[in-house]
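Open the model in your viewer and keep the sequence panel beside it. This tour moves from stop to stop, with something to select at each one.

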Amino acid sequence: CFHSIWWSLPQHPQPPQKKPYPQKHHDSQHPQHPQHPNNPQVPVIPQLPDTYKSCQVPDEQKVKCGAPDISAAHCEAINCCHDGHSCFYGKVVTLQCTKDGQFIIVIARDATLPSLDLESISFLDSDPSCAPVGYTSAFAVFQFPVTHCGTVMTEPGMIVYENRLSCSYEVLLGPFGAITRDTQFDLSVQCRYVGTTVEALVVEISGLSSPYPVVAPGPLHVELRIANGICNTKGCNDDAVAYTSFYADSDYPVTKVLREPVYVGVHILDRSDPNLVLTLGRCWATADMYPDSHPQWDLLVDGCPYRDDRYQTSLLPIEPLLGLEFPRHHRHFMFKMFTFVSLIYIHCQTAVCTPTAGDNCEPRCFRKKISSSVKKLYRPEPQVVSSKGVIIESGTSQ
């Protein structure tokens, strides 16, 4: 699964003063735990990077946490945010286990990038009693007894109640494979009752290790690179910014967030003929280094954006500000990051064309082709050039 949430256990937990808002009561049997647990353990907080401030919640989206008169210290102790006036939940996933045997789980829509579909979150059991007890535009609040919603109980020296929450995501089907651009959210939550204490734990189900960088240059001596979007020249516009610098070999595999723009550049090597024009045929992505492997997802077809992709690839002009000696030896395009539930490799069929009076070697996208003009290729068959590995950001999915 891929998401961008970090978790850590606090070293000095303190109990909440009251059950967090909102409350929901169930007439059910009491959970099997010690009769007099004193205090619940502080829930685990996702630790987000500095660039993503979990406590920056607009006032109209705040959901109160703890008692109305809770102190800032106690607010932080139960993993909530305090702005000097009130205690509220942050843009993370917050778990609280109460001494009377309740799961309280507050999930922020912006806990991941892309944002979660809060209405698609589910637990092991889809019983109606497991639905959220409260919704806002930014949060979903769940509260139910630890014996409900498919919770599994174990007793390995302690009484542990474990459940699993996940969300559905949209899958796009192509002729050779399937992809998704939605966050795949899969967490395990535990309430542990040990003697007179209660512990709370949130664990991500699985992750993805970084792959080995691999490159397979085509025999046309054409190179495919991914631009890093860092502008090193004055007066950069959006397109020029993207292609003023590229990732080095040591940067691969490049890590991207779902739906983040990926700027791809393809160019001819070791050619100085200004009349040559690089053309792209089909460009596609695979889950490993082999161009013929499956699954596959088309980015360009006959040099044009793949029609059946909701987030169509964009063909980008070669900007004069880049100062390229042979601009027609280059092709640029951008697509929105997706995943096969693994890393992706990018491949392109390339050919070299010489312009004629009836053909300027440019793709005729989304219109009928003129059959009277035929491109003159420098080589008779298109060749394939491939990228190094690209992965979605998995320790950070947002």
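A disulfide here is a pair of cysteine sulfur atoms within 2.5 Å. This is a predicted model, in which local features need pLDDT of at least 70 and side-chain atom pairs count only at pLDDT 80 or more, while totals for chains, interfaces and linings use all residues. Residues are numbered from 1 along each chain as its sequence is written, and side-chain values use heavy atoms, with hydrogens and water left out.

**Stop 1: the disulfides**

Color the cysteines. The structure holds eight disulfides.

Select C353 and C361. A disulfide joins them, S to S 2.0 Å. Turn to look along the S-S bond: the angle about it is -65°, and the link is left-handed. Buried means under 20% relative accessible area, exposed over 50%, and partly exposed in between (1.4 Å probe, protein chains only). C353 is buried, at a relative accessible area of 0%. C361 is buried as well, at 1%.

Now select C283 and C348. These two form a disulfide, S to S 2.0 Å. The link is right-handed, with 115° about the S-S bond. Helices (H or I, at least four residues) and strands (E, at least two) are DSSP runs, numbered from the N terminus. C283 lies in strand β20 and C348 in strand β25 (residues 345-354), so this pair ties together parts that are 65 residues apart in sequence. Both C283 and C348 are buried.

Go on to C65 and C80. Their sulfur atoms are 2.1 Å apart in a disulfide. With 70° about the S-S bond, this link is right-handed. The pair links distant parts of the chain, 15 residues apart: C65 sits in the loop between β3 (45-46) and α1 (72-77), and C80 in the loop between α1 and β4 (81-82). C65 and C80 are both buried.

One more cysteine to click is C167. Is C167 buried or exposed? C167 counts as buried, at 8% relative accessibility.

**Stop 2: strand β10**

Select residues 139-145. This is strand β10, and seven of its seven residues are buried, so the strand is largely enclosed by the rest of the structure. Show the side chains. In a regular strand the side chains alternate between the two faces of the sheet. Which residues of β10 point which way? F139, V141, Q143 and P145 point one way, while A140, F142 and F144 point the other way.

Two strands pair if DSSP finds at least two bridges between them. Strand β7 (residues 102-108) pairs with β10 in the antiparallel sense, over seven bridges.

Then select residues 134-135. This is strand β9, which also pairs with β10 in the antiparallel sense, over two bridges. Here Y135 stands opposite A140 in β10. Follow the chain from β9 to β10: a hairpin of three residues joins them.

**Stop 3: an open sheet**

Show β17, β19, β24 and β23. These four strands form an open sheet in the order β17-β19-β24-β23, with antiparallel pairing. The edge strands are β17 (222-226) and β23 (314-316), and each pairs on one side only. View the sheet end on: the twist averages 25° from one strand to the next. Angles run from 0 to 180 degrees between N-to-C directions, with axes as lines fitted to C-alpha atoms, for helices over the stretch in contact.

Three bridges join β23 to strand β24 (residues 330-336), and the two run antiparallel. L316 stands opposite H332 in β24.

**Stop 4**

Step to Y252 and P253. The peptide bond between them is cis, with omega near 0°. P253 is in the loop between α2 (238-242) and β18 (254-256).

Continue to H294 and P295. Their peptide bond is cis too, with omega near 5°. P295 is in the loop between β20 (277-286) and β21 (296-301).

Now select C149. Its phi is near 60°, a positive value in a residue other than glycine. C149 lies in the loop between β10 and β11 (152-154). C149 is buried, with a relative accessible area of 4%.

Finish at D270. This residue is not a glycine, yet its phi is positive, about 60°. Look for D270 in the loop between β19 (261-268) and β20. D270 is exposed, with a relative accessible area of 66%.
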